[in-house]
Amino acid sequence: MTNFWRIYRENWVAVVALAVVVLVVLAAVTAPLFAPQDPYDLAGLDLMDARRPPGYEGSGGFVHWLGTDAQGRDLLSAILYGLRISLQMGLAAGAVAMTLGAALGILSAHLGGWVEAVVMRVVDLQLSFPAILLALVLVAMLGQGKTQLIIALVAAQYAYFARTAYGAATAERQKDYVEAASATPLPGWRVVLRHILPNCLPPLIVVGTVQVANAIALEATLSFLGLGLPPTEPSLGMLIANGFPYMMSGRSWISVYPGIALIVLIVAINIVGDQIRDQFNPRLTR
Amino acid sequence: MSAPDRQGGEGSGAVDRPIPDRILVAEGVTKRFDPRLSLGDRIAGALGAAVERRAVQAVSDVSLAVRQGETLGLVGESGCGKSTLGKMLAGIMAPSAGRVLVDGVAPMQGRHKATTRIQTVFQDPFASLNPRMRIGATIAEGPVAHGLVARAQAPAMVADWLARVGLDPAFASRFPHQFSGGQRQRVAIARALAMQPVMLVCDEPVASLDVSIQAQILNLFLDLRRDLGLTCVFISHDLSVVRHVSDRVAIMYLGRIVESGAAARIYTAPRHPYTQGLLDSVPKLRLEADDLATFKPIAGELPSPLSPPPGCAFHPRCPKATEICRAERPLLTPREDGALVACHHA
Amino acid sequence: MSALLEVRDLHTHFFTRAGVVRAVEGVSFSLARGEILGLVGESGSGKSVTGFSLIGLVDPPGRIVSGSIRFDGQELVGLPQAAMRRLRGARIAMVFQDPAATLNPVLTIGQQMALAVRAHGRASEAAARDLAARTLTRVGIPDAAARLDAYPHEFSGGMRQRVAIATALLHGPELIVADEPTTALDVSIQAQILAEMKKLAKESGTALVWISHDLATVSSLADRVLVMYAGRIVESGGVSETLRAPRHPYTRGLLDSLPATARPGEKLNQIPGSTPSLLALPPGCPFAPRCPRADAACATDPPDVVTGGRLVRCHHPLAVAA
C-alpha cells in the first residue's frame, strides 16, 4: 500500500485530482456545518434575493459568492448540498452495481454452461445500447425517489461490472493457483471467494471508480430532464436545469456554477481512476 | 475396490509382473478434447448442417501402475500428452474413457476431485500460488478445510512444513511475490505435502527454475521422498532430470506410451527407436576437446495430434519403419527383460 | 589475427524506479571470425543484456553507461541509430528465443524474408524470393520454394525458429547473436537446429555468440565459453578445458548442479542460496555469500587470474586438476 502511494505520488496531475475529490467529498459531508444557508429551508429564502449575480450581499446579511437562483437560494450552499445528493447517489449506485455485477460475472465464469450463456448474453445485449435509455425507461416506470433512482442507475450500470468481472474471472480461473485449489480439493464456493474474487478486484476497483463518476453524470442527466429526484432534494443536475431558462438572459451563473462543480468532480474522479488503472496494469510497472 | 482380475500392468492388455502394493492404477485411460462449438454452429448442427468437429485425442488408451514408494518418470516432447495424463492421474481432469484408481478409489466424482490422497506440484511456481494470499494461509487452507489439522494447530503445522522444505517458518506471513522462484516451489511442495497424500504428481516441477535452483529443488525432493516414503509420478521433458529421480520411466509419443521399464535399462539400452532418437538428441556435456559433438537428431517434425499418422505414430520419422508400421499400430508388449515396448521391430 | 568483435569493460545499467540495476558490469571479451562463443549464466546474470548491448537494442530505462564494443574496427557504442540499423540485419544479425515474436503473423514467410532482403540492398522480387528459398534450404527446411507462401502460424515452433535463423542469415552476416534460440524447442528439434548451426558457422565463417543457460548445449556447440554471474564474467576459456576443470567455484557449482553429472538418485552437490539482487550487491565478489571457498578476502574485488588463455576472476580459484 505504501508502495502504491509512492508510485501514485509521481503523477502530480493525479495527486491534484485526488486532492480535489477528497476536498469535494469533505465539503459535501460537512456542508451543513459551514454552508451559509440551508437551501432546503424554504422559510430562510427571500424572493427579493432571487437571480442576484455573484458577490451580491443579500437580505440574510452574507455575501452570495456564486450568486443566487430563481428562488433566492444561495448558489454556493445549493451546490454544496447538491454535491451531497450527487455523491450519495453515485456511491450507492456504484457500490450496489459493483456487488451485483461482480457476483453475476464471477459466477457466470465459474459455473459456465447455461448460466454463463444467459447472463452474459443479457449483459452483452444491455451493453449494446446506451445505458441512459434503460435508466430513463425505469425511472419513468418506477417514479421519483432515491430508491427508484438507485435502482435505475444500478440497472444501467451493473452490466459494465459484470463484463469486467467475467473477463477477469475467466482469466484468473485458468491460472494454476485456481487449478491447484480445485486439485486440493477445496469446495467451489471457497475457490470463488478466497481465490478468484480477490484477484478480480483490481480491475473492478478501476471500473468502479469510473462508474461512480458515470453514475453521478447519469443522475445529473436524469435530474436535468426532470426525471430524477423530487425538487425538494435538488442534485447538481436539477440545479443546472433550474438555471437553464435564464441562460440567455445574462444570468448564466445559475447553471454554470453547478455545471462547473459537476465537471470538476467527474473529471477528477476519472483522472484518479486512470491512475489506479495504470498502476494495476502489470505491463506498466517496472 | 481394486480390480482383482487385472494384475497391475501397463499397456493395452499387457501384463507386467504382479504388483500387490500398487498405489495408482490407470486402465485404458483416454482423453479426447472436443472443440467447443459456438452457439451458431450448434444451431446449424441442429438444423442438419455438417459442422466440422475435429476432436484431439491427447491421451490414447494408456495403462500403467505405480507401486508404493516408487517414482515413475513420464517423459515426452511437447504435445505428447504427458501433462494431460498427469492431470487425469491427479484427479484434476476426468478421462474420456478408461479409469484411474488411487488407493483403489477413483480420484474424481463427476467433474470434481473427491480425494485428498493424491496431490499435485505444478510447473510454474509464479502461477501456482495465489498472489493475494499469505503463504501460511496457502499451506494451511487445504488441511484445515478437510479437518486434517485443527484451525488452532494450523500455524504450528505451517511452521513445521516450512522448516521441512527449507524455509524460515517466519515466512508464513509473507506473500508469494516476496519469494524467488525456487522458494515459491518449496512453498508449493509444502502445500501439496501438508495434505498428507499417499501420492504426488509433479508436473515439470523444475522446468522453470535456474540450474542451481533446480539442483536445490531436486535435492529437496529426494530428501522428502526418502523421509516420507513418497510415491510419485514425475513428469518432465528433461531426460536427465527424470533419470535422476525415477525408478521406472515411461516414454510417451503422441498420446501413447511407446516404451516403459526400469530407468537404468531405458537409459542404457533403449529399445524403441523413438527412445533411442530422443536420447541421442540430448546434448551431452562435452568435456574432451577432441570429443567432437555429433548430433543424431530425429528427422522430421512432431505430427499434429489433429491428424495422427496411421499405424505406428512414429513411423514417418523412424529409420526402421517398414510396411507393417504404416498399416498396423504396434501394441505395448512385454519383453523378456521386463520392458514394455510398442514397436514392430524392437 | 585481428578480432571481429572486441568488447572492453562494458557497463549496461537499467535506471528503474527501485534503483540502478547494474545488469552488465565490466564485461570484456573478443571474438574471432568463425568462432562460436557460448555465453552462459542463470537468469539475472546479464547474459541476455550483454547480447542486446552488442546489437544496440538496449531499451530504456536501460543504457550502455560506459565501455567499448568494436565490430571490425568500428565503435558501436554511441553509434547513431540509423547507422546501427544499417549494420544490424546486414553484417550483424540476431536470433531470439521466441520466433513468434520476430515473425509478422500477417505476412507470408516469403514476403517478410523479401522485405528483409530489400531492407539492405536492392533486389528484384524474383531475386529476393530466390535468395529466401535458398537460405531456407540451407537451414534444413525441405521444399522451401513452396513454403515461402505459407504464413508463420502454418509452421511448427521448430520450423519458425529455422525461418528466424534463415532470415538472420540472408545477408551473410559476419556475426550472429543468438539469445536462447533453442530453449523453447523440443529436444529432437533442438538437436536438429544445433546441428545446422554448427555446420553453418563452419561453412560460412560467421562468428556466433550463443547465449544460453544450458551448459550441455554450449559445450557441444561452442569453441569458447564465458560464464557470467551477477553481471560479471567469472570465468572464460576454451569450452572443453573450462567445463572439464573449472577454476571458478560458481562454474564448478553449476556443473555439479546438473543431474547428468551425478549418479541417479544421489544428492546433487548444490550451490546454496539464490542469485543476489542486482540492486543491492555487496562490494567484492558477488558470489561470495554462496561460495564454499569464500573468506575475508572476498569482500574486495577479485583479481583476474589469467593462465594459458583462460581467465578466472576469483581470490581462491580451484587448482587446474590433471
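**Notebook: salt bridges, a sheet and annotated spans**

I began with the salt bridges, and the count over all chains comes to 39. The model I am reading is a predicted one, and I kept that in mind for each entry below.

Entry on chain B, helix H10. I looked up the pair B:Arg326 and B:Glu323, whose side chains meet in a salt bridge at 3.7 Å, N to O. The two residues are three apart in helix H10 (residues 323-327) of chain B, so about one helical turn separates them. I noted B:Glu323 as exposed, at 56% relative accessibility, while B:Arg326 is partly exposed, with a relative accessible area of 38%.

Entry on chain C. In helix H5 (residues 125-138) I found C:Asp130 and C:Arg134 four residues apart, about one turn of the helix, and their closest N and O atoms are 3.4 Å apart in a salt bridge. C:Asp130 counts as partly exposed, at 41% relative accessibility. I then turned to C:Lys202 and C:Asp223, whose side chains form a salt bridge of 3.9 Å, N to O. Because C:Lys202 lies in helix H8 (residues 187-204) and C:Asp223 in the loop between helix H9 (215-221) and strand S9 (224-229) of chain C, this pair ties together parts that are 21 residues apart in sequence. C:Asp223 is partly exposed, at 33% relative accessibility. I also recorded one network, in which salt bridges with shared partners join B:Asp223, B:Arg226, B:Asp227 and C:Lys267.

Entry on the sheet of chain B. I traced an open sheet of three strands in the order S2-S1-S4, with antiparallel pairing. Strands S2 (56-67) and S4 (97-102) stand at the edges with a single partner strand each, so one side of each has no neighbour in the sheet. From one strand to the next the twist averages 15°. Strand S1 (residues 22-33) pairs with S4(B) over five bridges, and B:Val25 has B:Leu101 in S4(B) as its bridge partner.

Entry on chain A. I noted a nonpolar surface patch formed by A:Val137, A:Met141, A:Leu142 and A:Ile151, with about 380 Å² of accessible area together; helix H6 (residues 131-142) gives the largest share of the patch, three residues. A:Met141, found in helix H6, is exposed, with a relative accessible area of 62%.

Entry on the records. An unreviewed UniProt entry lists transmembrane regions in chain A, among them residues 204-229 and 254-273. The span 204-229 is 81% helix and 0% strand, whereas residues 254-273 are 100% helix, with end C-alpha atoms 30 Å apart. For chain C, an unreviewed UniProt entry gives residues 5-255 as an ABC transporter domain, a span that is 39% helix and 28% strand.

Note on methods
Residues numbered from 1 in each chain as written. Chains lettered and ligands numbered in written order. Predicted model: local features only at pLDDT ≥ 70, side-chain atom pairs only at ≥ 80, totals over all residues. Heavy atoms only, no water. UniProt positions renumbered as here; feature names shortened; annotations may be inferred. Patch = residues over 30% accessible without salt bridge, like charges linked within 9 Å, V, L, I, M, F, W, Y side chains within 5 Å. Areas by Shrake-Rupley, 256 points an atom, 1.4 Å probe, with all protein chains shown as cover. Salt bridge = Lys/Arg side-chain N within 4 Å of Asp/Glu carboxyl O. Buried < 20%, exposed > 50% of the residue type's maximum accessible area, 1.4 Å probe, protein only. Pairing = 2+ DSSP bridges. Axes fitted to C-alpha atoms, helices over the stretch in contact; angles between N-to-C directions.
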